[in-house]
Amino acid sequence: MEYCKSHYAASTLSEPLTLASMVAVYLALVPAAVFLYRGQYIRMQKLLLLLAVTMNLRYLVFGMGPGISWFTNLFDLVNYLFIGDQTNCLEVPTLSNELPENTLLQMYTFHPSWATDFYNHFMGSGSDLSKLCLHAHVIFQTACLVLSFVHIFVARTAALQRSLGRASALCGTVGLTMAVLMGSEDGQKASYGGMWSVYGWYWMAGSSFFLLSKGILAVMRKDIKSHKRWMTRY
């Protein structure tokens with residue numbers, strides 16, 4: 001019998017900075033929710049953009065393996081709140097300890113099955129094309145977020161705003177396309193939800209491209225008010 005929380009002990013907290021970074025992500029959602037409740041949308045956008053960029057940069061700074069493991073533990077942090085102390089994880093079909101290296105926090109020995117499959121795909125059995133798509137997705141989507149932040153909150157001249165807008169739209173298009181190419185392979189994994197996962201990727205990309213196209217068409221008509229509205233939704 002293998003209890004999920006059998007490794008929970010003070011000695012296992014050997015990565016305090018890693019744990020603190022994950023807790024900080026969830027804590028950052030609290031002021032974001034407060035800003036949303038108060039109608040302070042600009043402040044909420046700034047906070048969430050900075051949070052998303054910081055999280056994505058882990059892939060680029062620490063590499064794919066540690067980056068995936070960090071996100072896995074980020075979900076573990078919440079997942080384990082709903083697991084009892086006497087739960088035998090070997091009997092839970094949605095949990096797996098197949099890849100013990102897929103963790104940065106040794107207190108988490110079991111992970112959601114989809115996270116294990118994700119790590120195994122991009123760190124082992126997956127094609128070189130899918131790994132390239134993941135790298136391109138993270139790089140271009142992060143660049144899109146950074147450029148969008150500067151475009152919305154920093155740039156003051158019309159010429160700079162146009163240049164940044166075009167660059168962010170291009171990066172966002174490449175990033176979303178790479179995401180769809182990766183997501184198209186998800187139908188082969190039951191832990192991802194099968195084809196429902198693929199349909200979800202298509203829906204996400206389709207809605208994003210729709211909003212982006214509406215924003216571009218609006219600015220081409222010189223309808224700046226509508227452009228801002230559509231691009232904020234994007």
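Read along the sequence, the protein chain of this predicted model follows the pattern α-α-α-β-β-α-α-α-α-α, which comes to eight helices and two strands (DSSP runs numbered from the N terminus, with helices being H or I of at least four residues and strands E of at least two). Local features need pLDDT of at least 70 and side-chain atom pairs count only at pLDDT 80 or more, whereas totals for chains, interfaces and linings use all residues. Residues are numbered from 1 along each chain as its sequence is written, and side-chain values use heavy atoms, with hydrogens and water left out.

**Overall dimensions and surface**
- The C-alpha trace of the protein chain spans about 65 × 40 × 30 Å along its principal axes, and buried residues make up 40% of its 234 residues (buried means under 20% relative accessible area, exposed over 50% and partly exposed in between, with a 1.4 Å probe and protein chains only).
- Among contacts in the protein chain with a separation of 6 or more, 62% are between residues 24 or more positions apart (contact means heavy atoms within 4.5 Å).

**Helix 1**
- Helix 1 (residues 16–38) has 23 residues and should span 33 Å at 1.5 Å a residue, which agrees with its end C-alpha atoms being 33 Å apart (the expected span is 1.5 Å times one less than the number of residues).
- The buried residues of helix 1 are L19, M22, V25, A28, A32 and F35, and what covers them includes helix 2 (41–62) and helix 3 (64–79).
- Helix 1 is followed by G39, whose phi is positive, near 75°.

**Nonpolar core**
- The largest nonpolar core has 31 residues, and those with the most contacts inside it are M55, I68, W70, L74 and L134 (such a core is a set of buried Ala, Val, Leu, Ile, Met, Phe, Trp, Tyr and Cys residues joined through side-chain atoms within 4.5 Å).
- Helix 1, helix 2, helix 3, helix 4, helix 5 (128–153) and helix 6 (158–183) each supply at least two residues of this core, with helix 3 giving the most, six residues.
- Leaving aside its neighbours within four places in sequence, L74 is in contact with M22, V25, Y26 and M55.

**T116 in helix 4**
- T116 lies in helix 4 (residues 113–125) and counts as buried because its relative accessibility is 2%.
- Beyond its neighbours within four places in sequence, T116 is in contact with S96, E98, L99, N102 and H111.
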